[in-house]
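Let's take a walk through this model together. Have the sequence and the 3D view ready.

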Amino acid sequence: MSFLMNRHTLTVASLCGLLLMLVFISYAVDVRVFTRIATTLCINVVMVVGLQSFMGNTGILSFAHIGFMGVGAYTSALLTIPAQMRGMALPDLYPFMEGLSASPILAIFLGGIVAAVIAAAVSYPLMRLSDAAAVITSFALLVVLHTVMLHWSEVTNGPRTLFGLPAITSLPLTAIVAAGAIAVALMFKESRLGILARATRDDETAARAMGINTPRVRWLAFILSALLAGIGGGLWGHFVGSFSPKAFYLKETFVILGMLVIGGPGTITGAVLGVFIVTAAFESLRTLEVVLNSAQIFSGQVVGVTEIVLAFSMIAVLALRPGGLVPTREIGDAIVGLIRKRKG
Amino acid sequence: MKNSLLTIALLSGLSTATASTAIAEDLLIGGTLSLTGVQAPLDEPGFRGAQVAVKYLNDNGGLLGRQVVFSNIDGKSDPVTVGNAAVQLFDRGAELMVAPCDFDFGGPAGREAQSSGIVGISTCASDPLYSSWSLGDKQFTLSMWNTTMGATAAEYAYNEREWKTAYVVTDQFIAYTKSLSKYFVEHFDAIGGEILLEDTYTNGDNDFSAQISRLQALGQKPDVIFISSYGTDVGVIVRALREIGIDSPVIGGDAYDDPALHENLGETFGNDIYFVTHTWMGPEAGPEMPTFLQLYEEMYGVEPDTSFVATGWDTIMLMAKAVEIAGTTDGTAVAAALEENTFELLTGSLGYSDAASGHAPDKAAMLVELKGGQPVPLGWRLPANPPAP
Amino acid sequence: MIEITNLDVRYGAIRAIKDVSLNVQQGELVTVLGANGAGKSTLMLTIAGALKAAGGKITFDGRDVTAATPEKMVRYGIAMVPETRDVFPDLTVVENLRLGAYLHRSDKAGVMADMEKVKDLFPRLREREIQAAGTLSGGEQQMLVIARALMSRPKVLLLDEPSLGLAPTVVDQIFEMIRELKATGITILLVEQNATKALQVADRAYVMQLGEVVVQGSAEEIAGSSDLSALYLGG
Amino acid sequence: MTELIQFVIDVLALGGAYALMALGLVIVYGILKLVNFAYGELIMVAGYTLFLMDGTGLPWLVMAAVAVLMSIFFGVATDYVAFRPVRAKSVTAVLITSFAFSTILQNAALLFISPRARNIPLPDVFSTTVTIGGAVTPLRNLLTIAATIVMLTLFTWLMRRSILGIAMRAAATNFTMARMLGVPANLIISSAFAISGLLAGVVSLFWLGRIGSVVPGIGLEPLLVAFIATVIGGMRSVPGAVLGGFLLALIDTSLNHILPQDLLKFRDAFTFSFVILILLWKPDGLIKGPASGQRT
């Protein structure tokens with residue numbers, strides 16, 4: 001019982017319960033479109049929780065996250081596109097890579113590891129920077145990653161659509177990975193490293209005075225977030241089956257960032273909640289767009305409403321409730337607080 | 001939280017419920033044509049043409065005695081959106097699929113159609129990757145392949161105009177732009193022409209100065225410039241070339257068949273430009289064209305301004321003819337009907353090879369010249385011996 | 001003229017100023033004394049509108065200015081000379097002065113006249129008028145910030161530690177100048193650590209300790225008080 | 001010799017456009033220490049304004065002036081919508097809101113105008129070619145250089161001579177002190193955004209003149225260019241931005257001649273890696289800005 005009362009366990013359990021409910025509803029409803037939305041939602045949970053473990057703990061905005069998603073997706077693609085498809089999907093592939101292959105599940109995790117390794121290799125010096133300089137460098141890093149994906153035809157098929165990834169991503173799989181991501185992110189947040197990272201976020205100078213190696217702490221958080229982004233990318237790649245580098249750029253960044261900012265970058269509960277809310281809003285708005293378009297009320301096509309609404313919501317949340325909907329307290333803390341209050 | 005989830009569940013449940021009652025009698029043709037994004041100049045006219053065809057079919061008793069409903073979800077020029085849209089349409093009971101142009105964007109729709117066991121036809125994908133090899137035995141494209149398109153351009157340049165040297169710019173953007181250059185180069189070389197320089201460009205760069213400096217470094221003016229690019233970028237490249245005084249004729253593929261591009265180039269830059277496309281929107285094209293032009297004008301009140309409207313009409317009409325031959329919309333039967341027959345269309349006579357040889361389309365191309373920003377037809381062409389894919 | 005009642009100022013959780021009440025009458029030179037960290041500069045910045053009060057009230061000429069912005073305060077006639085001696089280092093001396101007269105920018109002739117006046121008051125500035133302010137010596141910079149403050153034609157001058165970090169002879173010059181300014185009839189609120197010097201020019205004085213006013217009275221009373229040094233040492 | 005002339009004209013014309021773009025980014029950054037991610041969209045706004053006025057029969061110069069005015073208007077709007085509500089909160093918040101505002105503008109163009117490329121009216125002089133010392137060059141290039149000179153002169157005069165300019169320079173070093181002299185914060189910030197809009201508007205005429213059409217995503221490229229130029233030259237230094245713009249043009253144009261095409265396609269990757277290195281090694285850029293300052 002005391003184990004169940006642990007507020008961290010409670011947080012993980014509540015958030016995973018939410019995912020479980022999603023899977024359950026999806027099976028009950030049994031509509032392919034709903035299952036696809038639910039799957040995308042779980043992938044976004046992995047992405048947003050990943051971004052949270054860096055941004056939430058260090059307070060630094062990172063644009064590069066989606067780039068690592070791309071790294072994961074392309075790595076996994078390289079390892080899993082069936083041999084007979086490779087000639088068509090990757091006509092310029094280096095000969096020594098032709099033999100590479102792994103089972104899709106393994107490939108997804110290897111994608112995460114490759115993303116983490118690249119993040120580890122390039123990001124250490126960047127972690128010294130704060131504020132605008134840190135944001136500009138992460139933005140620059142995104143442009144670099146994007147440019148490489150766009151032009152390294154041998155490995156990514158250049159700007160052209162890469163296809164042939166086995167479609168193995170199912171809702172249960174993504175839900176399990178999302179649950180794992182939530183648990184890992186919470187473990188990191190509450191670990192000594194996570195607490196140190198948050199100390200650097202709240203007061204960099206004081207943290208330095210206490211002897212905290214700020215770049216190192218941030219670096220580890222960044223690696224973790226790249227790992228999760230890479231895994232998310234792999235899952236996504238095996239879900240859609242074909243994609244081009246365009247999928248890993250500013251538009252996607254904006255959606256992931258919007259989910260985190262609206263939910264609350266400070267907490268994992270906020271991150272997960274943000275994904276649910278934005279997904280629900282997005283899908284409703286998208287349905288609205290489709291309805292408006294098929295009804296042909298307007299002469300042109302109705303596009304971009306979803307993005308505009310998301311953008312205004314972000315500005316509103318930042319202006320009125322800068323910490324997002326769940327700024328500081330995880331759901332576990334809230335439940336424990338509630339129980340205590342009732343007892344007391 | 002629960003509430004929003006329920007809302008989604010209800011919404012999607014509702015939409016499927018209404019859809020499934022609606023299709024009890026109607027024959028639903030799904031479409032994922034891109035009405036927005038870089039692909040729109042090719043797909044949107046196709047969408048308009050397809051609607052004319054649907055109205056024509058319904059006015060003449062429908063198909064298999066059922067009314068035809070064409071439902072298109074905007075693919076937004078994004079492979080992922082196209083895939084999602086296709087799935088949504090199959091959930092609503094689509095029995096045939098109109099896939100967007102080009103392998104990169106149409107591919108996902110083709111793959112979803114194949115996995116649902118139905119026939120999908122792309123309105124104008126011309127890359128040979130758009131074949132039964134890569135997508136499956138129920139997938140077709142209405143367009144000639146780039147083998148024909150590239151070879152037609154090469155033969156026109158070398159045989160008809162005696163342009164011996166060529167400079168080639170390839171937009172790395174999609175499979176279409178890459179392979180079009182590839183087959184032009186192969187064929188131009190095979191019939192005796194000389195390629196001075198092959199250069200690359202990436203769609204959206206909006207900067208052609210690097211290529212120009214390499215072209216100028218050649219020290220020799222090419223007889224012809226082959227540009228395989230897409231959308232407004234063709235205009236950017238032509239402008240950049242003309243602005244520094246390079247006035248060699250320019251030749252390219254069906255992506256040039258876009259009135260917005262012609263307007264962009266205008267009287268100043270829209271000269272000495274040639275392109276290979278699907279058909280000509282005038283009586284010169286063939287006996288059935290005047291009927292279509294009339295139906296189109298009745299529906300939209302204007303004349304069509306690009307041959308891509310014809311590809312939309314043709315896709316629906318091709319489906320209709322094949323379904324009538326097969327007597328069913330069953331994928332295997334319709335695919336067989338498509339493989340075994342030859343069809344007379346606005347975009348010329350069309351037959352397919354069998355699934356084992358890729359569903360290669362057997363089709364002629366239309367050559368058009370741009371004069372003072374206005375297109376002028378030069379007539380049908382069929383290359384003697386196009387390269388193999 | 002300035003009436004402060006029960007003022008509270010916070011930096012996050014820290015109460016930098018607790019329940020301070022203070023007033024300055026027209027034409028007076030009032031000095032606020034205290035050790036480092038007593039809250040003197042915080043007090044000045046709050047009056048100038050650069051910091052927000054968490055509680056209490058500030059009135060100026062009978063008008064409630066507790067929540068006024070810095071630009072409003074200048075308009076009302078309060079000019080601030082911060083302890084950090086904030087000249088704009090990349091601007092020339094003349095440009096610094098022109099900016100001081102920002103409020104009167106449409107009155108070109110008047111600004112020119114004012115400029116001549118302050119240059120007469122500080123001849124050193126005239127010598128260096130086209131030099132970048134960042135290249136001036138500490139004393140010259142102090143003169144410049146005071147001159148710049150005067151350019152706004154203030155009714156009250158807030159002087160925060162004008163002698164800080166200056167050589168003794170320069171300190172003497174500065175205090176000489178403060179005396180001259182007082183003679184022109186301008187109201188001055190002066191914050192100083194150099195209590196001896198400050199009390200020589202002041203009419204009245206307040207002593208602050210850890211954010212609170214602990215002693216107040218006329219300059220003579222405070223100067224005569226024996227526990228002044230004790231207060232400074234924090235005893 | 002001909003090649004040299006051509007090279008110089010190319011660098012000057014490109015560099016001029018880059019420099020003006022960079023200047024517009026720096027003027028806001030200098031005062032607020034914040035990057036305006038919605039800056040590139042001002043180019044888009046000017047472009048669509050031209051498109052919407054096509055066929056009105058107005059002289060082109062009038063249309064151009066209206067386009068620049070719209071760019072200024074939206075520059076100031078950026079401040080009101082994206083910056084002012086969150087300015088006091090955190091750096092991260094403002095960066096996100098400016099990114100959000102950029103998304104709003106782009107999608108508004110998608111929704112209300114068209115997702116397709118739209119042709120814009122251009123004057124005949126823009127499609128005229130001239131020959132100088134044997135080098136063939138579009139007249140537009142020479143006009144860009146002329147416009148750069150005019151704008152830089154105007155800008156210098158404004159910053160050196162006018163009280164507003166002096167106030168802005170002062171605010172860039174010490175915003176609080178400037179406010180304590182009676183300089184209204186909001187006026188200064190709005191002026192910075194207006195100037196930034198003016199610069200973007202003028203550049204847009206030449207930038208779009210090369211392309212001949214406008215699409216919703218047109219702003220990304222100029223934003224990236226301005227970014228690189230300012231980081232090279234110094235995020236907070238006005239002369240640095242100008243220098244950075246010309247330097248970037250010189251690097252780009254030279255790379256066009258030197259780099260083999262297989263590597264050239266990675267040019268953006270190189271330049272942005274370079275940006276990261278500069279930020280690490282010399283965070284102030286090549287030219288140090290005015291002495292340190294803090295945000296409002």
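Which chains share the most contacts? Of the 4 pairs of chains in contact, that would be chains A and D, where contact means heavy atoms within 4.5 Å.

|---|---|
| chain A and chain C | 12 Å |
| chain B and chain C | 34 Å |

Keep in mind that this is a predicted model, in which local features need pLDDT of at least 70, side-chain atom pairs count only at pLDDT 80 or more, and totals for chains, interfaces and linings use all residues. Residues are numbered from 1 along each chain as its sequence is written, chains are lettered from A and ligands numbered from 1 in the order in which they are written, and side-chain values use heavy atoms, with hydrogens and water left out.

Now for chain C. Its open sheet has 6 strands in the order β6-β7-β8-β3-β9-β10, with mixed pairing. Here strands (E, at least two residues) and helices (H or I, at least four) are DSSP runs numbered from the N terminus, and two strands pair if DSSP finds at least two bridges between them. At the edges stand β6 (78-81) and β10 (212-218) of chain C; each has a single partner strand, so one side of each is left without a neighbour in the sheet. From one strand to the next, the twist averages 15°; angles run from 0 to 180 degrees between N-to-C directions, using lines fitted to C-alpha atoms (for helices, over the stretch in contact).

Strand β9 (residues 204-209) of chain C pairs with β10(C) in the antiparallel sense over 6 bridges. Look for C:Y206, whose bridge partner in β10(C) is C:Q216. Helices pack here too: helix α7 (residues 168-183) of chain C touches β3 (29-34), β7 and β8 (187-192) of chain C, at about 155° to β8(C). Helix α6 (residues 138-150) of chain C lies across β6 and β7 (156-160) of chain C, running at about 170° to β6(C).

Over in chain B, is strand β1 (residues 27-31) mostly covered or mostly open? It's mostly covered: 5 of its 5 residues are buried, meaning under 20% relative accessible area with a 1.4 Å probe, protein chains only. B:L27, B:I29 and B:G31 are on one side, with B:L28 and B:G30 on the other. β1(B) runs parallel to strand β2 (residues 68-72) of chain B, joined by 5 bridges, and B:G30 stands opposite B:S71 in β2(B).

Technical notes
Buried < 20%, exposed > 50% of the residue type's maximum accessible area, 1.4 Å probe, protein only.
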